[in-house]
Structures are given as structure tokens and as C-alpha cells.
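Subject: Structure handover

Hello,

Here is the structure we talked about. Please open it first; my notes follow below.

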Amino acid sequence: MAVVLILVIVAVGSVVFHLFSPWWWTPIASNWNYIDNTIIITFWITGFVFVAVVLFVAYCVLRFRHRPGNRAAYEPENKKLEVWLASVTSIGVAAMLAPGLFVWHQFVTVPPGTTEVEVVGQQWLWSFRLPGADGKLGTSDTRAIGDGNALGVNPNDTNGLDDLIIEGGELHLLVGKPVKMLLRSVDVLHDFYVPEFRAKMDMIPGMETYFWFTPTRTGTFEVLCAELCGTGHPQMRGTVVVDNEADYQTWLQEQQTFTQLLAARQEQTTIASSTSSSK
Amino acid sequence: MVDIRSDASAAIPPAEVEDVELYHPRSWWTKYVFSQDAKIIAIQYSMTAIAIGMVALVLSWLMRLQLGFPGTFDFIDADHYYQFITMHGMIMVIYLLTALFLGGFGNYLIPLMVGARDMVFPYANMLSYWLYLLAVLVLAAGFFAPGGPTGAGWTLYPPQAILSGTPGGKDWGILLMLSSLILFIIGFTMGGLNYVVTVLQGRARGMTLMRMPLTIWGIFTATIMALLAFPALFVAAVMMLFDRLLGTSFFMPAIVEMGEQLKQGGGSPILFQHLFWFFGHPEVYIVALPAFGIVSDLISTHARKNIFGYRMMVWAIVIIGALSFIVWAHHMYVSGMNPKFGFFFATTTLIIAVPTAIKVYNWVLTLWRGDIHLSLPMLFALAFIVTFVNGGLTGLFLGNVVVDVPLSDTMFVVAHFHMVMGVAPIMVIFGAIYHWYPKVTGRMLNEAMGQIHFWVTFLGAYLIFFPMHYLGLLGIPRRYHDLGEAAFVPESAHTLNAFISVMALTVGAAQILFLFNLVWSLKKGREAGGNPWRATTLEWQTPQTPPAHGNWGKELPVVYRWAYDYSVPGAAEDFIPQNQPGLGGPTREAAS
């Protein structure tokens, strides 16, 4: 029976493919291995159901396919069986939902002592802002974006003057230190996505979104945009480097503050205007 | 206990109203073009949907060529690629699946299966089709407009959809797309009201709601849902048109676009997403419920066995329909909405798995101790079960909020929704066409061509979408014109992409064979007779095949039993038509 054989091959083949697939998630680099575990639980439960249903269908086709003189049974309902099946399904669903919600609670609860880093998306570039010595990010507004102030940091907010601004460069993070990524966009939707971190979140112009995680190993990771943002969407790449303490401090020293950026910009415009006036 | 079993002695209420005078066509034009006969309208809807669906199929080949062999085809640049995926998605979901299930199957089957002469508002029904055709033409005009069609993705998320970084954003593309959707919804509303009122008011005597075939239950519930869900898309489309044309700011916050401050401000992009998915999630079930209903009837008829747990099946359809209105934000777990919503929407989403699972159990339990004829409709029904279970189960990954976080916006999502709302419902559409083509044309579709079509389509589609999940698990994002260099992507992923593309082209080619079969069998197909599948439902009991205008000749049928009296103990045949009072031979000659 070709149909039976192929149904069995589909069920068994899918499991074999799953077990031997070379395409599997990237080695994790954050604390969200809970998410990976929930996926594994879900694979087990759903895989079992899939194989059971397809093999049952294959068996039915084999056993009850039409032969001359055959007649089907007449059984409109079977309340006991229906209730039993509904109950088992509910238990299976709860077994997946409960750990899922448990981990989601962790995902949305930012632990105390988390440092904040701002990510700003624009077509098609990633920029970053870190709090300066005061440990606080200044306020910002898309309307404040202009000459020398690409991220729209509020120049009248003293908290923001010492913020470190990284336009289109690499972001460095400290290994083992929980970090809250504050996400902003100045034009369209973007999504800050590093496959190794497992976490991601859309960035929406006009509001601030966030997610948090703890980098668990050092290394260099690629940032991709995961929300369609126009023609350049696939080219919107960035780099996150997870450092140990010493490397992180070295990198931190090299970054420019908002005040320095403004001053440099002012200098440029003065030079530009003086050269143009001397002509 | 509701009488779902056969009971010939059940009282048949007398006809309280006289038959309404039908509109009779007076010329060739009003008979075949501006027809008010639901059967003609159904064929018009179906042919238009299949025609525009072929365009979407070709678009899928083009995007698969790009993904499988990046850089080989110069004419598929980023702009074109995004235009292709956008049009492919929108056409397949709205203009093919919705139109074919409701406008096509709904129009053909509702009057026939409930024993009515036609839809209750034939004129509005005709308008519904012409507005649909207009919507399709406006949509297709995007291909010829300056700047081409919109490339905003089928979800059309603002602000991107109406800005210059997106193809068609500042040109005609997005305007034509939104206008087309508005026309579609107006047209659909006219048809949809017809379907609902016809089911409620136009049923033959004895056809109680709990005797209706599940096909009708599926289409009926889906239509009510569509009437409630489409208005959300309608207002979203109007608001976005205003934002784009009049400079309003419904969805437009303060934006700096390519270094320039835009004048608009204060709007909310995420509001659009809520409106879109308030429509978009019910839309999944607007496509799925008719498929659920039809496949129940296919399985029952071709397994010669009553559908198992009919009442449970009806209630499952109704419950799924109701629940689907409170799960929409599971499309938005990583959209930046308040993350606390995740608890609610993950719970509702996983609850909906229970009635859905019950439907699957009842389909396979209908096969149990059946007399399974492996006809083409049955083969497609089996393929539906496999692909739907597969796609439904991966929905449990994406619905479970925290699991969705790494998987959202990856190829896993693409694989999931194609399996569950692409492949699975299309399997039902094919099964349904093989099943009802004999009633529509009087001839059977060619079996050999059908077998080739079935195996290539089923196995090919499975080989396309099953491995694709693993690309998503790996982390490959969706909507990437070109993956480019990415350290986490191994070379083997590109090989898999090429394989998927080859399979996509193969499956596409098989559809050409299917279309050929549709045309070839019109003249050359084996004569079908009135009831080739020996089915119980009313459409197979018409005096003529294909059914004439008015469907029933002089007298409307009277219904004595539910739709599933197959293999009733003691009956002469292994099926008893719904309009037959006793257990004996048919009261009326089924063949024309």
C-alpha cells in the first residue's frame, strides 16, 4: 500500500530529520537557556502527537481501506472517548504553557542592578548610547535630531551630557552583567536581533521598548534587523562584542561623550564658516 | 439530545411562505456574465481567484529563485523581491484563499446544500463578484503603476509602508493596495451578508441547523467572523490612506526620514498592528474553518462513515471562531506592546489548541472502522490531516509567548504559516475541487493526472516547508532579500535553500498539470452522473447535473435526516440521502 508506506515515511522521516538535522540553533550566549529548554519540551510533546496521529491514520488506511463487501461501522458519538481525549489534550497544552509563562515572567521582569544601554535604529544603521559617569541616560526626542545630534539627545538635560554616543559602531557589553536594552527608532520599525542572545524586540518610532539579558560568554556577535524596514533591511547589520572587565574598560575610555561630540561639531562648523568667509 | 440521527418520523414543518419568484436571465449576458445565479457567481469567483492565484504562484517562484540562488538573477533586486513577497502574501491570503472558500465554495454550496433555490439577495451577490473583480484589477494594476506595487510586506506596517525607503511607499503601490483592500471588503460584505442570511433563512424544510453538513457550518461561521473582522482592516486601510494622502498622523509619530524631519507626529504605529491583527488572526480561521468543514465532509463521504462526534465538531467550529477574536496579539509578542499582554494572549492561544485538536481526533476517528475509498478527495483529505497537524503543532511553539521570542520573524514563522494556512487549506481546496467538479460540470476529473498532481503537490510541499522550520531555528530571519555574509549561517543552509527552491518550482509545475486537467476534463472527462460519490448531502440529489437555474425543479427538497447517514445498519445502500424518509431505496432518481 503506497499510501500507508508514504505516511509512515513522513512520520518516521520527520523524526529522523529532526534528530540528524545539521541546522540547529546557534550556541547560546545569554542567560535565556530557559527558552531553549521550553523549546525542547515543546518539541517532545508535539513530536509525539505528530507521529501518533500520522501513524494512526496510516494504520486506519491499512486496516480499513475499501475491499469489496466491506461496510463501515455506524457510531455517531462516543462521549467517553471524546471527553477523555479533550482532557489529555488539555493536560499536554498546560504542560507546555506553564513553563512558558514561568519563563516569560522572568523575561519581562528586569532584575535590580541592571545597567541600561540604548539602541537607536534608523534606516539602515544601528547606533548606541551608554550612560556616562553618572550612570543615567539623559532624555531624548526625535524632534531634537539635527546637526551633531544624530540620536536626538536632549542638550538641556544634564544627565545626558556625559552619555557615550556610538554612531554606527560596535557595541561592547560586559560579560556576566545583566543589561537592559532600551530600544528606540527614529524612522520605521526595526528589531534588534542577535541570534545567540535568543531575545529580540521591535523598535518603534515614537516609543521606547526594551528587553533584558545577561551575556554569558565573551565573543563577537552579529546584530541583524528582524523587522522589515525597507529596501536596505538585510544590510542593516551591527556588531556586539562581549568583553571581560579589562577589555570593556579599555573600550569604554575610547568612546566620545555627547558634550565632546557637540564641541567637535561646533568646531567643524566654525572652521567651515571661517574658511568660506575668507574666500 | 438533539436529533442528529436519522429519524424519518420527525415532524416536517409545513411550508409557511410561498416560493419566491427568482430572477430569470433574459439574455446570454445576464445568464453568463452579469448573472445573479449563485452557481455562476461561484464559478466567476473561483476562476478569478485561481487566475490571480497563478500570479502569486509565479511570484513565489521568483522569490524562491532569489533565495535559492542569490545573485544569479539580476532582475530580482531588493525592491522587486519585497514587491514579490508582498503581493504573493496578500494575494494568497485574501484574493485567493478567502475569495475561493467564501466566494467560490460558499456561493456554489450554500444554496445547494441547505436546499435553497439561490442566495436570498441575488443582485447584491452579483455586485459582490464585480467589486471583487475590480479589487483584483486594482491590485494587479500595481504591477504596471509607476514605482511598481508596494513592497511593505503583506502586513503593510506603517510608517515604513508609506515612506520612501520602501518600494511603492511614496508612489502608487501602497495607494493601489489599500484601495483594492477597501473594494474587496465592500464586495465581501455584500456576499457575506448573503451567505449568513441564506443559511439562517433559506434552508429547506426539515434542514435544522444541527442537520447541516459541516461544510456549511464552516463557511457560515467563517463568514460571520469575516463580517466582524474585515471592518478593522477597512478602517486601518482608510486611516493609512489619510496618513499618506492628507498628511494625518494616525500611525505617524515624529519621524526623521533619511535626515529630514517629517511634519507628521503624535500617531501610533502599533495601533495599526492591533487593527491589522484583530482582522488578521480571525482571517486565519476565516480560511481554516471552511477547510475544516469541507474536509469533514470529504472524509465522511469517502470513508463511507458518519463524521465522528458531529455535535462536538459543530461546537468546536463555533468556539474556535469566537476564541479567534481574543488571540490576535500573539502576532505581536515582540512588537513592543506591553509585555504583560503576553500572559493573556499566550493562554488564550494555547486554549484554542484544544477544540482544534478535538477536530483532528474526530477526523481520524472517522477513518477508524470506516470503509476508506482512496479516491483523490480522500487522498487530499489525508494530506490535509498530515500538513495541518504539522502546522498546528508548530503553532504551539509560536503561540507560547517565550518560545516565540527567538523564533519570531525567522523562517520558522514562514514555514509554520505556510504549512497551516497555505498548504493545509489548499489541500482541502484541491480535494474539494476533485469532489465537486463532477457536480459543477457533469464530468469526472482525469484520475491519472490527478494522482500525479496529488503526489507531487503533497510530498513536494512537505519537503519545502518541513525543513524550512530548521532554518528558522538556526536563526535565519525572514524577509531577507539576500542573507549575505553571516557568521552563524553554515554553508549547508544555502544548500538547503537551493533544494527548497527546486522543490517549489516542481510543485508549481504540478499545478499547471492540474489546470490542464480542469480544462481537459470539461470535454474529455468521464461522465459523472448525478451522484458519483454516492453522497448523502442535498447538492448530489438535484434533478439535473449540473444543477439548473433554481436548483430543484418544481419542488424544493424536504430534509428528513442529518448529513451523515453512511453505512446505517439495516439500510439497503451504504448511504441515505438527506431528503429520503425511510431506510429503503432512494425516493427520487439521483441520476439525471
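**Domains and chain contacts**

Chain A is assigned domain 1 (2–64 + 80–108) and domain 2 (115–271); such bounds come from an automatic or database domain assignment. Before you read on: this is a predicted model, where local features need pLDDT of at least 70, side-chain atom pairs count only at pLDDT 80 or more, and totals for chains, interfaces and linings use all residues. Residues are numbered from 1 along each chain as its sequence is written, while chains are lettered from A and ligands numbered from 1 in the order in which they are written.

In chain A, the C-alpha centres of domain 1 and domain 2 are 39 Å apart. Eight residues of domain 1 of chain A are in contact with 13 residues of domain 2 of chain A. Contact means that the C-beta atoms of two residues, placed from the backbone, lie within 7 Å. On the domain 1 side of chain A, five residues are nonpolar, three are polar and none is charged. For these classes, Ala, Val, Leu, Ile, Met, Phe, Trp, Tyr, Cys and Pro count as nonpolar, Asp, Glu, Lys and Arg as charged, and the others, Gly among them, as polar.

Chain B is assigned domain 1 (32–207), domain 2 (375–528) and domain 3 (537–592). The C-alpha centres of domain 1 and domain 3 of chain B lie 35 Å apart. Here 12 residues of domain 1 of chain B contact 14 residues of domain 3 of chain B. The domain 1 side of chain B has six nonpolar, two polar and four charged residues.

Between the chains, 96 residues of chain B contact 78 residues of chain A. The chain B side has 64 nonpolar, 20 polar and 12 charged residues.

**Core**

The largest nonpolar core has 281 residues. Such a core is a set of buried Ala, Val, Leu, Ile, Met, Phe, Trp, Tyr and Cys residues joined through C-beta atoms within 7 Å. A residue is buried if 20 or more other C-beta atoms, placed from the backbone, lie within 10 Å of its own, exposed if 12 or fewer, and partly exposed in between. Helix H3 (residues 78–114) of chain B gives the most to this core, with 24 residues. Helices (H or I, at least four residues) and strands (E, at least two) are DSSP runs, numbered from the N terminus. Among the members that touch the most others is Phe384(B). Phe384(B) touches Val295(B), Ala424(B), Met427(B), Val428(B) and Gly431(B), leaving aside residues up to four places away in sequence.

**Sheet in chain A**

Five strands of chain A form an open, mixed sheet in the order E4-E10-E9-E6-E7. Two strands pair if DSSP finds at least two bridges between them. Strands E4 (171–174) and E7 (200–203) of chain A are the edges. E6 (residues 190–193) and E9 (residues 219–225) of chain A run antiparallel, joined by two bridges. Tyr193(A) stands opposite Leu224(A).

**Backbone points to check**

- Gln123(A) to Trp124(A) is a cis peptide bond, with omega near -10 degrees.
- Thr545(B) and Pro546(B) are also joined by a cis bond, with omega about -5 degrees.
- Leu156(B) has a positive phi, near 55 degrees. Leu156(B) is buried, with 24 other C-beta atoms within 10 Å.
- Met258(B) has phi near 50 degrees. Met258(B) counts as exposed, with 10 C-beta neighbours inside 10 Å.

Best wishes
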